[in-house]
Every structure is written in C-alpha cells, then in structure tokens.
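Subject: Structure for you to look at

Hello,

Here is the structure I said I would pass on. Please look through it first; my notes on what was found follow below.

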Amino acid sequence: REFYNKMLSEQSAELEEAVDRAPDPFAEAVKYAIIGNVIDFSPGYELTAEAVKGYFSKFGRESLEIDHTALLKKDILTAKTILYIGDNCGEIVLDKILLKKIREINPAAQIYFVTKGAPTLNDSVKEDAFALGIQEYASVIDHGDNCPGTVLHRTSEEFRRLFERTDVVISKGQANYEGLNEAQGNIYFLLIAKCAAIAQDIGTSEMKMICKKK
C-alpha cells in the first residue's frame, strides 16, 4: 500500500496538470480515476510497477467504453451529499484529483470518502486517505468491514444510513461493483472490467474503462 501511494504521489502534480490541460478537466479526472483502478493485487492479478506505468500510457490514449460522465457531472451539480467509495492504494491519489474537481463544481456538497474498516489486500484504509490529504476535499470515513468490495449487510449501521440517504454514490473498482450492482440508489460505477464475468455482466469486453450509471 505504501509503495503505490508513494509512487503515484510523486506523479500527482504531473497527473493533475494533464487533467487541467484537457478540454474537459472533470471528464479527464474521471478517466484518470478509472485508470488508477488498474492497480490491483487480488489473487490471480499480479502487477509490477513497470506494468502499471505501461497501463497508464495505454489507457491514457483510449476512450471510455461506457461513458456516463456527463450524467455524473449533472447529478453532482445538484447533489447535497456525495458518497465516494474508494478502492485500492495508489489509485486513491487519482481519486483525490477527481474529488478536487467535484468540490470545484459543487462547493456546497457534503462529500464523504469511504475506505475499508481494516486492511485487506491493497485496499485503502483511513490511514492512507489521511496521509494523502483526501480530507482537504472530503470527510474521510470507513464502512466498518474488511472484505473486498462493499457488501452492505456487512457494513456498519452508520454507513448504511448514509448510503441510503446520499444523493450520489460513486463506486470505484470491480469488487465494489460486484457488491453494489443490485443495491438501490443513484450509483455510478467507475472501474476497469478486469475479468470475463464482470465484463459480460456489464456488457463490455475485458480491460475496458467504464463510467456507468446504475
């Protein structure tokens, strides 16, 4: 976790500059947040630092396969509460850039950034979020569980109440998609479809970038 947080933090200024140079910085921030989802150490998914750099270069030249970014921006503009459910370490450096853009387009919204309740795989916990300064743009909370993804009945009662009343939920990563794709709410899934089963369920092919409104 610390290695990839450090590696992406060292590139954060360059990445943010690339986002700001884009014709639509918000859309570009969404794309980069999705690209960050490639950093994954689930069983059967091995990755090196060089491979991560290669994927960043590759995906940077591609477009989203499913792109509901404009709908997401429209919903954010009128939202009073936004729940951003994070995923992996390293990746959350890109989440921070997107959170900054969300804060810029809706300064009045109450934004929550959600981590795991305890370490699992390379998923982020509150310690990682605070170390990277996520609290500059969102209130950092955890959902009270440590399984991969977000399985609502396993999360804390406090988190479930917040989830049920929030205006916009942004769910990062494949495991969160698996846990929340049948949940109720105004949910946007940001992920790379990394296996055949999830790609088929979404209606795309493997290793494609997705921003999908439920």
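Of the 214 residues in the chain, 52% are buried, where buried means under 20% relative accessible area, exposed means over 50%, and partly exposed is in between (1.4 Å probe, protein chains only). The model is predicted, and for that reason local features need pLDDT of at least 70 and side-chain atom pairs count only at pLDDT 80 or more, while totals for chains, interfaces and linings use all residues. Residues are numbered from 1 along each chain as its sequence is written, and side-chain values use heavy atoms, with hydrogens and water left out.

Overall form

The chain has ten helices and seven strands; these are DSSP runs numbered from the N terminus, helices being H or I with at least four residues and strands being E with at least two. Its radius of gyration is 15 Å, close to the 17 Å that the globule rule gives for 214 residues, so the chain is as compact as a globular protein of that length. That radius is taken over C-alpha atoms, and the rule is 2.2 Å times the number of residues to the power 0.38. Along the principal axes, the C-alpha atoms fill a box of roughly 40 × 35 × 35 Å.

Taking contacts between residues at least 6 apart in sequence, 69% join residues at least 24 apart, a contact being heavy atoms within 4.5 Å.

Cores and helix H6

In soluble globular proteins, nonpolar side chains tend to be buried together. The largest nonpolar core here has 48 residues, and Leu72, Ile82, Leu98, Ile102 and Ile170 have the most contacts inside it. Such a core is a set of buried Ala, Val, Leu, Ile, Met, Phe, Trp, Tyr and Cys residues joined through side-chain atoms within 4.5 Å. Leaving aside neighbours within four places in sequence, Leu98 is in contact with Phe26, Ala29, Val30, Ala33, Tyr84 and Leu190. Another core lies apart from the largest one; it has 18 residues, including Ile66, Phe163, Tyr177 and Ile210.

Helix H6 covers residues 91–105. Its 15 residues reach 22 Å from the first C-alpha to the last, close to the 21 Å expected at 1.5 Å a residue; the expected span is 1.5 Å times one less than the number of residues. Among the buried residues of H6 are Leu98, Ile102 and Lys101.

Salt bridges

The count comes to 14 salt bridges, each being a side-chain nitrogen of Lys or Arg within 4 Å of a carboxyl oxygen of Asp or Glu. In one of them, Lys101 pairs with Asp20, with the closest N and O atoms 2.5 Å apart. This pair links distant parts of the chain, since Lys101 is in helix H6 and Asp20 is in helix H2 (residues 12–21), 81 residues apart. Lys101 is buried, at 7% relative accessible area, whereas Asp20 is partly exposed at 41%.

Asp128 forms a salt bridge with Arg1, and their closest N and O atoms are 2.9 Å apart. Asp128 lies in helix H7 (residues 126–131) and Arg1 in the segment before helix H1 (2–9), so the pair ties together parts that are 127 residues apart in sequence. Asp128 counts as buried at 5% relative accessibility, and Arg1 is partly exposed at 31%.

The side chains of Glu62 and Lys58 also meet in a salt bridge (2.9 Å, N to O). Glu62 is partly exposed at 24% relative accessibility, as is Lys58 at 32%. Elsewhere, salt bridges that share partners join Asp20, Lys101 and Glu104 into one network.

Loop residues

Which residues have a positive phi without being glycine? Leu121 has a phi near 50°, and Met207 has one of about 60°. Leu121 is in the loop between strand S3 (110–115) and H7 and is partly exposed, at 42%. Met207 is in the loop between H10 and S7 and counts as buried at 17%.

Thr204 is also placed in the loop between helix H10 (196–202) and strand S7 (209–213). Thr204 counts as buried at 15% relative accessibility. Not counting residues up to four places away in sequence, Thr204 touches Glu65, Ala193, Ala199 and Ile210.

Regards
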